[in-house]
Every structure is written in structure tokens, then in C-alpha cells.
Amino acid sequence: MQQGKHIYLIGICGTAMASLAGLLRLRGHRVTGSDAAAYPPMCDLLDELGIPMEQPYSAANLEPRPDLVIVGNAISRGNVELEYVLDQRIPFCSLASVIHDEFLVGRDSFVVAGTHGKTTTTSMLAWIFECAGQQDAKFAPSFLIGGVAENFGSSFALRPTRPFILEGDEYDTAFFDKGPKFLHYFPDSAILTHVEFDHADIYKDLDAVKIAFKRFVNLVPQRGRIIAFDGSENVSECVAKAFCKVERYGTKSGSYWRVAKMQHEGSTTHWELWRGGELFANLELPMAGEHNAMNATAAAALAAGEGISAATIAAALASFRSVKRRLEIRAVVGGITVIDDFAHHPTAIRETLRALRNAYPALQEKKSRLWAVLEPRSNTLRRNVFERELCESLALADQVVLAAVFKSESIPVAERLSPERVVAQLNAAGTSAVLLEDADAIVAHIAPQLQPGDVVAILSNGGFGGIYEKLPAAIAARTAPALA
């Protein structure tokens with residue numbers, strides 16, 4: 001594609017779409033776009049880049065006519081802008097095809113895939129390569145991440161070097177391409193973290209999910225490698241027929257990359273990493289949770305195979321600063337900590353709550369309370385397919401607050417999650433739970449009850465009615481001294 005084109009993105013505020021917008025700007029293109037709603041962190045990123053975003057969708061936004069339209073995977077037929085594009089025969093394509101054609105040709109593609117941990121692991125891998133690049137410029141990475149990596153303050157970078165690190169999403173590509181986005185990325189080497197049933201709106205069952213990941217595995221060339229988690233039978237099945245070398249990571253004794261002696265000290269995790277039976281490194285990560293140590297191990301394994309030293313990897317992980325919306329502390333007010341976590345699946349919720357227990361000793365000792373405030377918003381959580389597992393995950397909290405199912409009318413009643421049933425089951429099992437309609441009702445209900453030392457985990461993959469700002473404000477108003 002020639003530089004200087006006008007490229008318009010429908011659905012520009014999506015995590016990957018906003019990142020692509022930034023990459024295209026770096027390529028010298030004029031970039032504009034639209035979305036139905038804007039919320040942090042991606043709308044903030046677009047503002048910083050000076051990329052205009054129109055709201056709401058309107059055919060008028062496409063005047064003057066752009067040279068190319070990129071259609072986000074959340075955009076369906078009936079969207080007024082998409083219909084205008086089709087009627088006017090404006091050239092259009094998908095995010096994934098542009099990434100491949102514009103940015104991956106002639107580079108080494110390293111793709112992180114899996115049901116859980118993709119964003120964090122991709123950020124860790126990019127940071128390891130970035131630190132290695134400070135010693136040898138050939139390692140300096142380009143990357144595209146589905147979230148803002150705090151070490152970079154960005155979700156993308158474009159360098160002239162060969163490494164390009166990508167988060168590989170198994171969600172579908174576009175309204176005209178229902179295959180997973182990661183099938184466009186043709187990895188030279190890859191990480192596979194977990195394989196579970198997810199995205200219930202596009203996958204019929206677990207077998208369909210596994211087929212997608214098996215196709216991904218089949219793209220890796222013989223000279224490449226797959227770093228695969230050892231604690232999942234589904235992952236084992238997906239990599240069983242790989243043509244390349246497969247290196248397993250985890251806690252099993254026979255795994256090539258073995259984690260041992262893991263210890264948690266507040267929000268810091270320490271462990272030994274063994275490679276082929278020999279000690280590779282003692283690692284430290286300033287993040288809580290076994291799942292994050294596993295993510296770091298996967299990133300370390302892929303980086304080591306590309307020639308990055310154990311010392312560089314250890315230093316990079318010790319200075320890693322997480323990803324926005326992944327166990328992100330949004331506020332500490334009056335001794336009450338408000339956490340934002342991008343919850344999309346019961347397993348992710350379980351690991352988040354476990355990590356918070358490890359990070360805050362007072363929660364372990366029951367001297368303060370862990371609150372789980374959940375908005376069932378992802379296409380999986382809005383359905384009842386994991387209702388039992390959701391109850392089990394939420395039971396790790398001391399207090400549970402559920403909001404109504406996001407856009408519940410779009411889910412058939414027979415398939416829809418019943419928050420009432422979840423709340424009833426939690427209360428029956430001894431976990432205090434309540435159902436409230438929206439963010440305002442939740443803030444009004446819980447702000448007066450919060451006590452110093454409490455940790456509130458807000459679990460949603462969307463804006464959640466501005467609760468991330470409203471709850472700290474309400475706590476601050478409650479704790480502020482009365483005006484004379």
C-alpha cells in the first residue's frame with residue numbers, strides 16, 4: 001500500500017483496531033475512524049495520537065470518501081457505515097489481512113495465542129525483546145498488543161528490525177471472514193497458553209475451539225517452535241500433530257521448561273526456571289498470581305530460543321509493569337483499593353481473585369474483605385454455558401455484586417445467564433451476593449459498606465457505566481471531612 005492513503009476504521013476503539021490505527025499512522029497514512037462508544041484505555045490512546053474518532057456511526061462520516069476502509073470484527077451487516085461502504089463500493093478489508101500484508105512480510109512473526117493470558121504474555125515478550133534490543137539492536141521489536149502495555153505506554157510499535165510480536169486472537173476476523181484472526185499471521189514461532197471453550201457466540205462447543213487452535217498450530221513451519229502449556233489436556237491435543245518442535249512449560253517434571261519453588265511475597269512472585277533439566281534462571285516478577293508467572297515463563301522460553309540471554313530475560317521480567325486493565329489499581333481511597341480487571345471467562349475470574357488473595361495478606365487472614373463486582377458482558381459470560389463455573393470462581397470472594405447481563409435482549413432466554421440464579425447459589429453456599437441493575441446502583445449500595453483494607457475487584461471487559469471513576473469518587477466523598 002502506498003504511503004499517504006486515507007484509511008478509515010469502522011470500530012476504531014477496539015483494542016486491536018486502535019493499535020492498528022497507530023501502526024498505520026507510523027506508516028505515513030492519514031487515519032480516521034468511528035465507533036459506537038469510547039472508553040479508556042483505547043480512546044485515550046487515540047486522543048494522544050491525534051486520530052479523530054466519530055460518534056455515532058453515520059454514513060456522513062465517510063465523506064470525503066476514504067481510499068480504504070478497515071471493518072472491525074464487531075461490525076455486522078446493518079451498520080449504517082458498512083452498508084454505505086458496500087453500496088458505494090469503497091474498497092474494504094479486515095484488520096488481520098492488513099496486518100499481514102502491510103507489516104509481517106519479510107519479518108519474523110512471533111504470535112501468542114490461547115484462551116487466557118494472551119495480552120499479558122504478549123506484553124512480557126515484547127518487553128523482553130525491547131530490553132534485549134538495548135544491547136543488540138536486532139532484537140528491537142515491532143509489536144501489536146490487545147491492550148496498553150505499561151512499560152511502553154502503548155499497544156503497538158513499528159521498528160525496521162525483523163521481530164514482530166503479535167497477540168493472536170481466536171475470535172473471528174470480519175463479517176465476511178468468519179475464521180480466527182490468528183490464521184492470518186503465519187507465525188514463525190508461537191506460544192499456546194490455554195485452550196478452553198470461549199466465545200460462545202461464534203464457537204458451537206469446545207471441539208470447534210480446538211479445531212481453530214489445531215489449524216493455528218499447523219501454520220508453524222518445521223524450523224519454528226511452539227511453547228505450549230503443560231497443564232492442559234486440550235493444549236496437548238492441539239499440539240500433538242505439530243510439524244515443528246514443541247517445548248512444554250509448566251510444573252510437570254518432564255516438561256522442557258519447568259517451574260519450581262514458586263513463592264509469593266505480596267505482589268511479587270519468585271520462582272526457579274529449569275530448561276531441559278538444568279537451571280536456566282531465578283526469576284522475579286512484580287505481579288501476583290501463579291498464572292502471571294506461567295505467562296512470564298512462556299515469554300522467557302520463546303525469547304531464549306531466539307538467542308536472548310537468561311540475564312536479560314530475568315532483568316526484563318523484574319522490571320515488567322503489567323498491562324492496563326489487568327489487575328490494574330485504579331484508586332486507593334481511604335485505605336480501600338479499587339482494581340480493574342478485564343474479566344471475560346470464569347477461569348480468568350478465578351485466577352484474578354486468587355492472585356489478589358496472594359497479593360494482599362490481610363485478605364488471606366480475613367482481616368479485610370475481597371469484593372468481586374461483575375458485569376456479565378463478554379459473549380461467553382452473558383450465556384449460561386459456564387454458570388456453575390462462574391459460581392465457583394466468584395465464591396473465592398467475600399462479597400459478590402452482580403450487575404444485569406449487558407444487552408441481555410440480544411441473547412435468547414434459553415441461553416442467557418441468570419444473575420438471579422448465580423446470586424441465589426452463592427448465598428446458599430455461604431458467599432454473600434447481591435444483584436443490582438447498573439453501575440450507579442452498585443456504587444450507591446457498596447460505597448457506604450466499604451472499610452479500610454477492603455479490595456474491590458471490578459470485573460468487566462467494557463466501560464461498565466463509568467464505575468471505575470464513580471466508585472472512587474463516592475468513596476472519597478464519603479471519607480472527606482464534612483464542610484463547616
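Let's start with E102 and R27, whose side chains meet in a salt bridge at 3.9 Å, N to O; the term stands for a side-chain nitrogen of Lys or Arg within 4 Å of a carboxyl oxygen of Asp or Glu. This pair links distant parts of the chain, with E102 in helix α4 (residues 95–104) and R27 in the loop between α1 (15–26) and β2 (30–34), 75 residues apart. Helices (H or I, at least four residues) and strands (E, at least two) are DSSP runs, numbered from the N terminus. The model is predicted: local features need pLDDT of at least 70 and side-chain atom pairs count only at pLDDT 80 or more, while totals for chains, interfaces and linings use all residues. Residues are numbered from 1 along each chain as its sequence is written, and side-chain values use heavy atoms, with hydrogens and water left out.

How do the two partners sit? E102 is buried, at 12% relative accessible area, and R27 is partly exposed, at 25%. Here buried means under 20% relative accessible area, exposed over 50%, and partly exposed in between (1.4 Å probe, protein chains only).

Now turn to helix α6 (residues 206–217), where D207 and K210 are three residues apart and so separated by about one helical turn. Their side chains form a salt bridge at 3.8 Å, N to O. K210 is buried, with 9% relative accessible area, whereas D207 is partly exposed at 47%.

Further along, K367 and E365 pair up at 3.1 Å, N to O, in another salt bridge. K367 is exposed at 66% relative accessibility, and E365 is partly exposed at 48%. Elsewhere, salt bridges with shared partners join D207, K210, K214 and E237 into one network. Altogether, the structure holds 29 salt bridges.
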